[in-house]
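Work through the two exercises below with the sequence and the model in view. Each task is followed by a solution in steps.

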Amino acid sequence: MSILVFGSANTDLVFTVPNLPAPGETVLGDGFQQSSGGKGANQAVAAARDGAQVAFAGCVGGDGLAVVATGAMRDAGVDLSRLIVVDAPTGCASICVDREGRNQIAVAPGANLMARAAQVEDAALHPGVILLLQMEVPAEEVAALVLRAAERGAQCILNLAPPGELPLEVLRALHLLVLNEHEAAVLAARLGTEASVAALHLALGTAVAITRGEAGAEAATEAGLATIPCFPIEPVDTTGAGDTWCGVLAAGLDRGLPLIQAMRRAAAAAALACTRPGAAPAMPVAAETDAMLATR
């Protein structure tokens with residue numbers, strides 16, 4: 001099998017600061033770096049570093065930031081043949097990270113708003129492919145690609161982040177829906193149900209996983225409920241932890257792991273990512289995740 005990611009690619013401008021700025025406040029930081037980012041690119045890197053064969057479809061601009069935005073994917077061996085250069089600035093994120101590892105993020109989507117489902121050909125959407133998507137590209141393009149992929153037998157995993165609105169038929173066509181607690185609350189309000197993994201699964205009829213930070217993660221499928229605890233660590237930077245979780249989860253499923261085992265592997269990788277600064281640069285390789293799993 002293999003993984004095809006349709007999503008965003010950004011350059012992350014990361015500022016380390018003593019405290020996150022309040023409205024109207026200027027905070028002098030003590031460090032800066034720029035690196036590859038965007039939920040799509042991040043998840044592609046996480047899956048590739050965990051050993052999966054990964055391709056990426058998305059858009060960047062014809063500017064200098066595009067080199068940074070795609071750098072981690074190129075280094076990880078991601079197939080970029082479906083990446084298009086468009087007449088718009090490359091997506092960019094400004095990220096402040098405080099001494100407790102908390103972050104504050106502002107994003108200018110730029111070229112990501114020009115990503116189109118048509119960049120992925122029908123032949124690529126077959127039963128041997130896991131299609132991994134997020135919501136930093138146009139929602140209508142995500143919806144169109146999910147429905148096409150489901151018709152052709154590909155497994156679709158959607159990380160509903162940020163929590164944009166999609167038709168119910170799209171959500172019900174997924175193999176797995178991944179949310180954090182905030183995204184689960186937004187979706188539950190739209191569906192008129194509780195924000196629990198069981199209630200969302202019942203409302204949609206598709207498998208649902210919710211990540212809860214230090215409280216671990218849980219999933220609801222036709223087989224029942226499953227809970228995975230987090231791996232205790234001292235966080236340095238939580239930026240990209242959720243993307244690491246999603247990418248490694250997809251890689252685990254791609255190699256044939258049951259969902260519960262893939263979630264445990266994802267939890268280990270996400271914990272490791274929190275011990276290092278940055279998003280894509282912090283993501284572990286498979287051997288590091290194996291070592292973390294061996295500790296418990």
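The model is predicted, so local features need pLDDT of at least 70 and side-chain atom pairs count only at pLDDT 80 or more, while totals for chains, interfaces and linings use all residues. Residues are numbered from 1 along each chain as its sequence is written, and side-chain values use heavy atoms, with hydrogens and water left out.

**Exercise 1.** Determine how many disulfides there are.

Step 1. A disulfide is a pair of cysteine sulfur atoms within 2.5 Å.

Step 2. By this rule, the count is zero. Cys92 is in no disulfide, the nearest cysteine sulfur being that of Cys96, 12 Å away.

Step 3. Cys92 is buried (under 20% relative accessible area, with over 50% exposed and partly exposed in between; 1.4 Å probe, protein chains only), at 18%.

Step 4. Cys230 is likewise in no disulfide; the sulfur of Cys274, the nearest one, lies 9.4 Å away. Cys230 is partly exposed, with a relative accessible area of 26%.

**Exercise 2.** State which helix supplies the largest share of the lining of the largest pocket.

Step 1. On a 1 Å grid over the protein atoms alone, a pocket is an open set of points where a 1.4 Å probe fits, with protein on both sides within 12 Å along at least five of seven lines; lining residues have an atom within 4 Å of a point.

Step 2. The lining has 45 residues, and Gly213, Thr238, Gly240, Ala241 and Gly242 lie nearest the centre of the pocket.

Step 3. Helices are DSSP runs (H or I, at least four residues), numbered from the N terminus. H7 (241-254) is among the elements that each supply at least two lining residues, and the largest share, five residues, comes from H7.
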